[in-house]
Every structure is written in C-alpha cells, then in structure tokens.
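Please load the model in your viewer and keep the selection panel open. The stops below go from the whole chain to single residues.

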Amino acid sequence: MRKPANLKTKWFWATVSVAGTFALVYSLSRLRLETVRLDWMLVLTFTMLLSWRAEVWIPGVRSKITLSDTFICIAILMLGPWAATVLASIDGLARSPRAGKTNIAWTAFINMSSMNVAVLSASLLAVRLFGPLDHLLYSDGQLDRLTLAIGVITLTNYLINSSIAAIAIALFRRQKIVKTWTENYLWASPAFFIGAIAAGVICKAITILGFYSFVMSLPILLLTYIA
C-alpha cells in the first residue's frame, strides 16, 4: 500500500503505528521478565520465515491466505501473548517487501503494527477469559475450554486485522468501511478458522508426542496450502 495521502488516513495509520509500537516494546519488556521456551521460539520463527512465500490471494478481492497465521496461533497457545506478538512483528516485516518497491519501510512498519495490535489483543483477551493458555493446553479434560479459547483468539485476531485493513482502504479511497470490509475481507474468515483448528491439533499433538509431532505436521500444512 502506498503512503497515505489524505489527512484522515494519515491520522488512522499514525494511531495504529503508535499502538503497534507500544505492543511490541511492552511485549519485549515482558519477555525479559518472564521465562519463555527459547527453543520453541526459534523453531517457530524459522518455520514461519520459511513459509512466508506461501500465501494465496483470493481471486477478485484483497484478502489472502497465509500459513504464518497458523504458526502465530501455535505461539499464542504454547508461548503466550508476548512471544506471539514478537513473532507477529517478524512476520509483518518479512512479508512487507513484496508490497512494492516504493515506501517499503512505511509499509513494513504499518504491517508490523497492525499485526501486533491484532495478535496481542486476541491473546490477552483469551488469557483474561480462560487463564494461562499453556496450562490449558497441557491440562487433561480441558478440551472444551481450549476449543473456546482458540475460537476467541481466531475471531478477535480476524476482526481486528481485517478491520484495520478495511478502514485504511476505505479512508484512502473514500469508500464505505462496511462495504469495503464485506467485499474484500469477509471471505477470508474460513481460512483463519481452518488455520486455527490446525494450530490447535498440532499443539495438542505436541503435548502428547513432543517435538516430532510438529515436524510431522509440516507436510500436512504444505498439502493444505497446495490444495
């Protein structure tokens, strides 16, 4: 996306940028105070970066399906909000250069900020409602609560992410926000939930079989992308 030209769009992007920067800085500060599985953090980062080219644009709209959303959901469940927000920042920066050769730095910063806001908001809401998600994941007899938590994460992430993009496009093109959202982003919702279901299955398998279940799940994710 080109750098915004009208005042309303500039103010909106400025607000998103400030919120996204605060989310990243705060998450980094919390990571310094809390223990996190650095091995899983590195594995998810490496795998996510390998899959950053695996995205499909839905014909006729501006929405796209990516595998990285699944890995971020895995990070939310296993590592918590702070690590997931950092991974979202990395993903936003990794995807940005393909947006075009002009204003790459601006596009990267905006992509990172919007993903930070969506991921941190979704994960904090789930933690507020269900408690620490890693405890929920490793506990027996909590499958129903885990499923609800994944649903909350996915729905919140999807609504915030798509709304930010729709508002920005609507302001830039002077269109109606609701119409822009329904025409360009409503049809991307199944992809979010399918990815979230895959993330939940993978995480539960990891608690039973360990790291190798994550490795075995990668070909399944690849086949899903190809399909």
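**Whole chain**

The secondary structure of the chain amounts to 10 helices and 2 strands, where helices (H or I, at least four residues) and strands (E, at least two) are DSSP runs numbered from the N terminus. Coloured along the sequence, the chain reads α-α-β-β-α-α-α-α-α-α-α-α. This is a predicted model, in which local features need pLDDT of at least 70 and side-chain atom pairs count only at pLDDT 80 or more, while totals for chains, interfaces and linings use all residues. Residues are numbered from 1 along each chain as its sequence is written, and side-chain values use heavy atoms, with hydrogens and water left out.

The chain exposes about 12200 Å², and carbon and sulfur atoms supply 69% of that; accessible areas come from the Shrake-Rupley method with a 1.4 Å probe, and for residues only the protein chains shown count as cover. Of the 227 residues in the chain, 47% are buried, where buried means under 20% relative accessible area, exposed over 50%, and partly exposed in between (1.4 Å probe, protein chains only). Among contacts (heavy atoms within 4.5 Å) between residues at least 6 apart in sequence, 71% join residues at least 24 apart.

**Helix 1**

Select residues 7-33. Helix 1 has 27 residues and reaches 39 Å from its first C-alpha to its last, close to the 39 Å expected; the expected span is 1.5 Å times one less than the number of residues. Its buried residues include Phe12, Trp13, Gly20 and Leu31.

Next, pick Ser17, which lies in helix 1. Is Ser17 buried or exposed? Ser17 has a relative accessible area of 8%, so it counts as buried. Not counting residues up to four places away in sequence, Ser17 touches Phe109, Ile110 and Ser113.

**Helix 1 against helix 7**

The axes of helix 1 and helix 7 come within 8 Å and cross at roughly 160 degrees. Helix 1 is therefore roughly antiparallel to helix 7. The contact is made by Lys8, Thr9, Phe12, Trp13 and Val16 of helix 1 and by Ile164, Ile167, Ala168, Leu171 and Phe172 of helix 7.

**Val152**

Val152 counts as buried because its relative accessibility is 19%. Leaving aside neighbours within four places in sequence, Val152 is in contact with Leu125, Ala126, Leu129 and Phe130.

Key. Axes are lines fitted to C-alpha atoms, for helices over the stretch in contact, and angles run from 0 to 180 degrees between N-to-C directions. Angles under 35 degrees count as roughly parallel, over 145 as roughly antiparallel, 65 to 115 as roughly perpendicular and the rest as oblique.
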